[in-house]
Amino acid sequence: QGLFELRKGDGMRLVLLGPPGAGKGTQAALMCRRLGLLHISTGDMLRQELQAKTELGLKAHAYIEKGELVPDSIILDMVRAKLEEPECENGYILDGFPRTLVQADALAQFVELDAVIYLEVPFEIIIKRISGRRRCPKCGVIYHTSHYEKSTCSCGGLLYQREDDKLETVKNRLAVYEAETRPLIAYYSQKGLLRTVDGEGTPEEVDARIAALLEP
Ligand code: AMP
């Protein structure tokens, strides 16, 4: 039996790992629809906090705009509180968390993960994807300028480019990924949790690969 059958009823607990622009948000949304899981994106949570001008949001903003990581203690308090909510009981996909070994160790203290899906995407593709990425502020859907030319979302929201998707910040985010997050590949591989997926191609193609990987 594959992971799918074994865990679906219990609520799978998955992590999506990969560099910025690997398609974690897009794939998490597709997987959640297919598997009935909750999508937990720490980036989206921080952006919501910022929009609401909470103390946490304002603190995080200084790091986000430079393409740096928000300190582990802030992220861990936020994620721990989220995972204690009843809506998490039926399983979830963590997108953008953990991003450091400290975060991964802390997560292991309170959650037993089923799998970590690593989206592998070459550097040139990452740059292309991020530079054309546009986001809807109302519903959170992500578009790419090469596939979608309109400036508004199907829900009516006016699409925008994330401030930290501009080239200079992206370079820093990729350097931070290499130094802080890439070590998690070996970390989860050693724990026998890592499943590597080729992240090139359309979202549907990648989704089919993920589905196949989790099936018998
Ligand atoms: P994302 O939308 O996942 O690309 O996240 C946007 C930004 O939020 C990142 O560049 C970080 O500054 C911050 N962030 C999101 N998740 C984390 C995390 N797990 N640890 C530290 N910073 C994070």
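Modeller: We'll take a helix pair, then the strands. Keep in mind that this is a predicted model.

Colleague: Helices, then. At what angle do H7 and H8 pack?

Modeller: About 140°, with the axes 11 Å apart. H7 covers residues 123-131 and H8 covers residues 167-181.

Colleague: And why call H7 oblique to H8?

Modeller: Because of that angle: over 145 would count as roughly antiparallel, and 65 to 115 as roughly perpendicular. So H7 is oblique to H8.

Colleague: Is the crossing left-handed or right-handed?

Modeller: H7 and H8 cross right-handed.

Colleague: Which residues meet there?

Modeller: From H7, Phe 123, Ile 126, Ile 127 and Ile 130. From H8, Leu 167, Val 170 and Leu 174. The contact residues of H7 with H8 count as seven nonpolar, no polar and no charged.

Colleague: New topic, strand E3. Which way do its residues point?

Modeller: E3 spans residues 92-95. Tyr 92 and Leu 94 point one way, Ile 93 and Asp 95 the other. In a regular strand the side chains alternate between the two faces of the sheet.

Colleague: Are those E3 residues buried or exposed?

Modeller: All are buried, Asp 95 included.

Colleague: How many bridges join E1 to E3?

Modeller: Four, and the two strands run parallel. E1 is residues 13-17. Arg 13 has Tyr 92 of E3 as its bridge partner.

Colleague: And in what sense do E2 and E3 pair?

Modeller: Parallel, over four bridges, with E2 at residues 38-41. There, Ser 41 has Asp 95 of E3 as its bridge partner.

Conventions. Residues are numbered from 1 along each chain as its sequence is written. This is a predicted model: local features need pLDDT of at least 70, side-chain atom pairs count only at pLDDT 80 or more; totals for chains, interfaces and linings use all residues. Side-chain values use heavy atoms; hydrogens and water are left out. Axes are lines fitted to C-alpha atoms, for helices over the stretch in contact, and angles run from 0 to 180 degrees between N-to-C directions. Angles under 35 degrees count as roughly parallel, over 145 as roughly antiparallel, 65 to 115 as roughly perpendicular and the rest as oblique. A crossing is left-handed if the near helix is turned anticlockwise from the far one by less than a right angle, and right-handed if clockwise. Contact means heavy atoms within 4.5 Å. Ala, Val, Leu, Ile, Met, Phe, Trp, Tyr, Cys and Pro count as nonpolar, Asp, Glu, Lys and Arg as charged, and the others, Gly among them, as polar. Buried means under 20% relative accessible area, exposed over 50%, partly exposed in between (1.4 Å probe, protein chains only). Two strands pair if DSSP finds at least two bridges between them.
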